[in-house]
Amino acid sequence: MSARQSPLHRTLAGGLSVHPIGIGAWALGGPDHNLGLPMGWSTADDAASRRGLETAYELGANLIDTADVYGHGHSERVIGDFVATAPRDTVVLSSKVGHHRGTARHAYLPTAMRRQLETSLENLRTDRLDIYFFHNADFGPDDRYPEAAVAQMRDFQRQGLVTAVGMRGPHRHATERVTVAKDQRGDKYARFAYLAEQVRPDYLAARFNALPPPPAASRPDIFALAASLGASVLINKPPAQGLLTGKYNPDQPPAFAPGDHRLRKAWFTPEALRIISDGLRPLRERFGDSPAALTRVAFQACLQRAENAAVLVGFTRPEQVKENLTAVGTPLTDDELAFVRDTLGRLQRNLDAHSEVFLDEKGTGR
């Protein structure tokens with residue numbers, strides 16, 4: 001790692017040295033469906049994905065995060081073709097298991113986990129993963145598999161197949177939003193904290209930006225939970241899939257093809273985009289009107305929450321990679337951070353009052 005290490009790099013759990021801006025590779029999987037829902041990105045292109053990975057590597061980014069379910073292995077294979085061209089110890093590879101069970105009874109059945117890890121390693125053209133994540137909190141009926149699944153993860157570590165173990169969340173299982181009414185759902189934050197005590201992960205990965213409603217004040221945030229576990233944090237979607245960079249025009253909302261998960265999200269409708277655009281105005285006035293200026297604000301608001309954290313940012317065009325990796329900039333002052341958090345908090349409340357996150361949310365009355 002030292003040959004490519006820059007002053008920006010942070011040392012995270014397991015001694016992994018990473019650029020603070022990592023590559024989230026969900027989009028590289030392309031359009032896809034899983035569990036009866038659109039789960040991919042219709043705007044992906046393999047040639048652009050490869051150029052984007054090369055651009056990221058040239059600019060010093062070394063952390064690439066994917067999952068078995070992203071394009072049902074396609075994202076992993078695109079990354080694997082790139083990884084085969086770079087020294088393995090200059091790349092930090094992370095993948096996940098749990099949202100794709102194939103023909104197994106359950107994705108966290110230990111034998112299914114072993115088969116899936118072997119497939120991920122083959123796809124990624126590597127002999128080990130630096131981080132392997134539990135992708136969701138569904139461990140079977142009556143929590144049938146947590147103990148055995150954790151034991152299997154530790155066995156992967158003992159064999160040198162996996163360096164560090166992670167947990168992705170807190171979030172709901174993909175189908176719960178469309179099958180279970182809101183008043184019948186359990187507390188996803190309590191569920192995540194409960195499982196984290198059993199797993200004792202080295203890494204937590206969680207969405208952190210202004211758009212989703214925050215947990216109740218009585219719940220510890222993801223950074224406090226990580227601190228209690230001695231874990232590092234990978235922050236997903238810091239610019240909220242581009243929404244917090246001001247790139248979308250409410251009068252010309254984006255159009256997505258089948259297999260794109262954004263078809264389900266209310267945030268990409270004209271009404272929500274207008275709320276977001278209006279909410280970003282104070283940031284534009286203070287920090288600049290360009291997407292790069294707002295990207296810097298979004299990144300620093302996340303990175304300055306904890307020293308043992310990195311952000312994961314997706315892309316579909318190599319130009320986006322360059323924009324992201326050159327937008328880190330100088331840290332925000334305490335006054336600027338307070339202004340950003342106040343402004344984005346107000347935006348979040350206005351957006352939350354407008355609608356649910358998902359257009360097909362069950363039991364919302366909307």
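Which residue forms a salt bridge with Arg281, and how far apart are the closest N and O atoms? The partner is Asp278, at 3.1 Å between the closest N and O atoms. A salt bridge here is a side-chain nitrogen of Lys or Arg within 4 Å of a carboxyl oxygen of Asp or Glu.

1. Basis of the note. The model is predicted, so local features need pLDDT of at least 70 and side-chain atom pairs count only at pLDDT 80 or more, while totals for chains, interfaces and linings use all residues. Residues are numbered from 1 along each chain as its sequence is written, and side-chain values use heavy atoms, with hydrogens and water left out.

2. Arg281 and Asp278. Both residues lie in helix H8, three residues apart, about one turn of the helix. Helices (H or I, at least four residues) and strands (E, at least two) are DSSP runs, numbered from the N terminus. Arg281 is partly exposed, at a relative accessible area of 42%, and Asp278 is also partly exposed, at 39%. The classes are buried under 20% relative accessible area, exposed over 50%, and partly exposed in between (1.4 Å probe, protein chains only).

3. Arg274 and Asp251. A salt bridge also joins Arg274 to Asp251, with 3.1 Å between the closest N and O atoms. Arg274 lies in helix H8 (residues 270-287) and Asp251 in the loop between strand S11 (232-236) and H8, so this pair ties together parts 23 residues apart in sequence. Arg274 is partly exposed at 36% relative accessibility, whereas Asp251 is exposed at 63%.

4. Other salt bridges. The structure holds 19 salt bridges. One of them pairs the side chains of Glu197 and Arg200 at 2.9 Å, N to O. Glu197 is partly exposed, with a relative accessible area of 46%, and Arg200 is partly exposed at 38%. Arg114, Asp155 and Arg158 are linked in a network of salt bridges.

5. H8 against H11. Helix H8 packs with helix H11 (residues 334-354) at an angle of about 170°, the axes being 9 Å apart. Axes are lines fitted to C-alpha atoms, for helices over the stretch in contact, and angles run from 0 to 180 degrees between N-to-C directions. H8 is therefore roughly antiparallel to H11; the scheme takes angles under 35 degrees as roughly parallel, over 145 as roughly antiparallel, 65 to 115 as roughly perpendicular and the rest as oblique. The crossing of H8 and H11 is right-handed. A crossing counts as right-handed if the near helix is turned clockwise from the far one by less than a right angle, and left-handed if anticlockwise. Contact (heavy atoms within 4.5 Å) involves residues of H8 including Ile275, Ile276, Leu280 and Leu283, and residues of H11 including Phe339, Val340, Leu344 and Leu347. By class, the residues of this contact divide into 12 nonpolar, four polar and five charged. Ala, Val, Leu, Ile, Met, Phe, Trp, Tyr, Cys and Pro count as nonpolar, Asp, Glu, Lys and Arg as charged, and the others, Gly among them, as polar.

6. H1 against H10. Helix H1 (residues 46-58) and helix H10 (residues 318-325) pack at about 25°, with axes 7 Å apart. H1 and H10 are therefore roughly parallel to each other, and their crossing is right-handed. Ala48, Arg51, Gly52, Thr55 and Ala56 of H1 meet Pro318, Val321, Lys322 and Leu325 of H10. The contact of H1 with H10 has five nonpolar, two polar and two charged residues.

7. H2. Helix H2 (residues 74-83) is mostly covered, with seven of its 10 residues buried. Among the buried residues are Glu76, Val78, Ile79 and Phe82. The buried residues of H2 pack against H1, strand S6 (63-65), strand S7 (92-97) and helix H3 (110-124).

8. Backbone points to check. Gly169 and Pro170 are joined by a cis peptide bond, with omega about -5°; Pro170 is in the loop between strand S9 (162-168) and helix H5 (176-179). His72, not a glycine, has a positive phi near 50°. His72 lies in the loop between S6 and H2 and is partly exposed, at 29% relative accessible area. Ala240 also has a positive phi, about 55°, although it is not a glycine. Ala240 is found in the loop between S11 and H8 and counts as buried, at 2% relative accessibility.

9. Ala255. This residue is in the loop between S11 and H8. Ala255 is exposed, with a relative accessible area of 71%. The C-alpha atoms of Ala255 and Ser42 are separated by 9.7 Å, and the two residues are 213 residues apart along the chain.
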